[in-house]
Amino acid sequence: KMASASGAGSAAALWSEVNRCGQNGDFARALKSVNKILQISKDDVTALQCKVVCLIQNGNFKEALSVINTHTKVLTSDVIAFEKAYCEYRLNRIENALKTIQSASQQTDKLKELYGQVLYRLERYDDCLAAYRDLIRNSQDEYEEERKTNLSAVVAAQSTWEKVMPEDLGLREATYELCYNSACALIGQGKLNEAMKKLQKAEELCRQSLSEDSDVTEEDIEAELAIIHGQMAYIMQLQGRTEDALQLYNQIIKLKPTDVGLLAVIANNIITINKDQNVFDSKKKVKLTNAEGVEHKLSKKQLQAIEFNKALLAMYTNQADQCHKLSASLQSQSPEHLLPVLIQAAQLCREKQHAKAVALLQDFADQHPANAAEIKLTMAQLKIAQGSITKACMILRSIEELQHKPGMVSALVTMYSHEEDIDSAIEVFTQAIQWYQQFQARTNYSCCVFQPKSPVHLSLIREAANFKLKHGRKKEAISDLEELWKQNPKDVHTLAQLISAYSLVDPEKAKVLSKHLPSSDTMSLKVDVDALENSHGATYVRKKAGKLTGDSQQKEQGQGDVKKKKKKKKGKLPKNYDPKVTPDPERWLPMRERSYYRGRKKGKKKDQVGKGTQGSTTAGSSELDASKTASSPPTSPRPGSAAAVSATSNVIPPRHQKPAGAPATKKKQQQKKKKGAKGGW
């Protein structure tokens, strides 16, 4: 009895210690006291609950979940459901957290709050929106502003990722978080200018809110503003202001924000700006997208976009195997997505395997008919690149939903014309016109009201007629023009074309039709001649005409005057020019190209000094021996003694001697030496 009494007393003291530490927020110390209590009573439910809470508060989610799982008999789902679901949520086991919440017998407010977060992470936005609406409707506490912020985040996600038109929730945008979420919703709708204004307002509210706290530094404010600035840069990028966007992105990266999701998005956007340029910078930025925990911070579409860009970067950096591997992985994850197949085809084309690329695209088109149109357009582009225009036309004509489109008709006609296949081009026109006629018949039948021919239909008929006239198919063109004239008998332009066409085939018919042309009186335009003459253009023409007439009058008046001619400067003649000798007619040709050029004479030694190695002399070296002369100058003359040497001796030094027979006008080679050259002796 004494032992049990002392144990109870120590347990009470430990519980008071736990209570005090919990109120002070010292959960590490509280955990020590709880462990001591569990040593006394290992299955104490309250102590186990307190231990789980202390571990959660200290961030030890794995250990907390381990405690829950090892004491399932004591800690039932009714007792510990919220703590277990929260640990699973923080450990990114989102599906497990959802099951834990749904299996709880009683849905408390805490579980409902966590349920909304779990649904948001699972991207079940409709269910999430309903959960937060229920919470806001049935809760009244100090967390109402946070719930409204979460609600606006759900609406923004719907607008951005599901392209759902956001409804007006009537939320007062009093905080920068609400303004930011509203801007994201506007971006999803494509209202970029309005979104930028919202972000500027969010930045202002953020600065005001944080500057009120004296402990917050300017660096802290910039770190909090990083996500707002990142969204601003994204808008600039969408608007085509890539330089401004790139500058802002790099400023954010320099701040080194702790949010790995934000860094990954910014790095990805920089890579999209770089494209196939600055690939070394892109390879550095890719590392930011591979940071730990990124997959838990971004949505599925964001992660998918990053993976697509990795595959494209591998293609741009000539990493063929890596590109094929990434694109194949993406295709297995999203079998109906077009981009992985297009990336693979592009890589094959870079490897000059066009046939393989076309086969790959054809297989995808057969397996996914809903996406066949875009794939077939790519196939046609590849065929055009290979020069197979006819095959490209066949692929384009197989796209049923685009056959009648004016753009497709124009492209096909142009390509067939290039191949000089006029019959096929006319067939394209005919099929498109027939489609519109059938569509018109169906519309009239369903509406039971007569409707005039559509402008597209009439324009196709006119283009077909012009094309046929251009290529000599006059009778077929006349048929089309008559159809057009029947639709609009008042169309003078069509009537004129019809008369012109008949004049080439049936002049009598052309005369008959010409009677339908309006008279010249009815065609005269009511023009104010005075106003037209006084207009700016007419004044300019009149002035110009006046100048011309004035010039002509002056010329007529001054015909008798002698025209002054500018003196032409006489060309410089060579110094050895002899007027008695006729110039060489081949003097403008290079020496090798002249008729009298016989080439260099080889094999004859010339008694020239200065040829060969420095210092060497010819047979006449005795004549140049300075010691045999009457007066030999000193070997090392002083400055100023050169004149004395030249005056007292007739001998020319070897380096100053000219080769025998050299012309007098030959330039000295010594002048061509570089100024800064030193040494040699």
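**Close-up 1. Ser139 in the loop between helix H8 and helix H9.** In this predicted model, Ser139 occupies the loop that joins helix H8 (125-138) to helix H9 (144-161). Its relative accessibility is 10%, so Ser139 counts as buried. A polar atom of the Ser139 side chain lies 2.8 Å from the backbone oxygen of Leu135.

**Close-up 2. Helix H25, residues 455-470, and its buried face.** Helix H25 comprises 16 residues, which at 1.5 Å a residue should span 22 Å; the C-alpha atoms at its ends are 22 Å apart, in agreement with that expectation. The buried residues of H25 are His457, Leu460, Ile461, Ala464, Ala465, Phe467 and Lys468. Viewed down the axis of H25, these buried residues fall within an arc of 165 degrees and therefore line one face of the helix. An α-helix has 3.6 residues a turn, so residues three or four places apart point the same way. Pro455 and Lys470, on the other side of H25, are exposed. Gly472 follows H25 and has a positive phi, near 80 degrees.

**Close-up 3. The salt bridge between Arg207 and Glu218.** The closest N and O atoms of Arg207 and Glu218 are 3.3 Å apart. This pair links distant parts of the chain, with Arg207 in helix H11 (residues 192-211) and Glu218 in helix H12 (residues 218-238), eleven residues apart. Arg207 counts as partly exposed because its relative accessibility is 29%. Glu218, at 47% relative accessibility, also counts as partly exposed. Both residues belong to a network of salt bridges that links Glu203, Arg207, Glu218 and Glu222.

**Close-up 4. The salt bridge between Glu427 and Arg397.** The side chains of Glu427 and Arg397 meet with an N to O distance of 3.5 Å. Glu427 lies in helix H24 (residues 422-447) and Arg397 in helix H22 (residues 389-397), so the pair ties together parts that are 30 residues apart in sequence. Glu427 has a relative accessible area of 36% and is partly exposed, whereas Arg397 is buried, with a relative accessible area of 18%; the cut-off for burial is 20%.

**Close-up 5. The salt bridge between Glu476 and Arg473.** An N to O distance of 3.8 Å separates the side chains of Glu476 and Arg473 in this salt bridge. Glu476 is partly exposed at 36% relative accessibility, and Arg473 is partly exposed with a relative accessible area of 24%. In the predicted model, the count of salt bridges comes to 17.

How values were computed. Residues numbered from 1 in each chain as written. Predicted model: local features only at pLDDT ≥ 70, side-chain atom pairs only at ≥ 80, totals over all residues. Heavy atoms only, no water. Helix = DSSP H or I, 4+ residues; strand = E, 2+ residues; numbered from the N terminus. Buried < 20%, exposed > 50% of the residue type's maximum accessible area, 1.4 Å probe, protein only. Polar contact = N/O pair within 3.5 Å; in protein donor to acceptor, adjacent residues only side chain to side chain. Expected span 1.5 Å × (residues − 1). Arc of directions from axis to C-beta. Salt bridge = Lys/Arg side-chain N within 4 Å of Asp/Glu carboxyl O.
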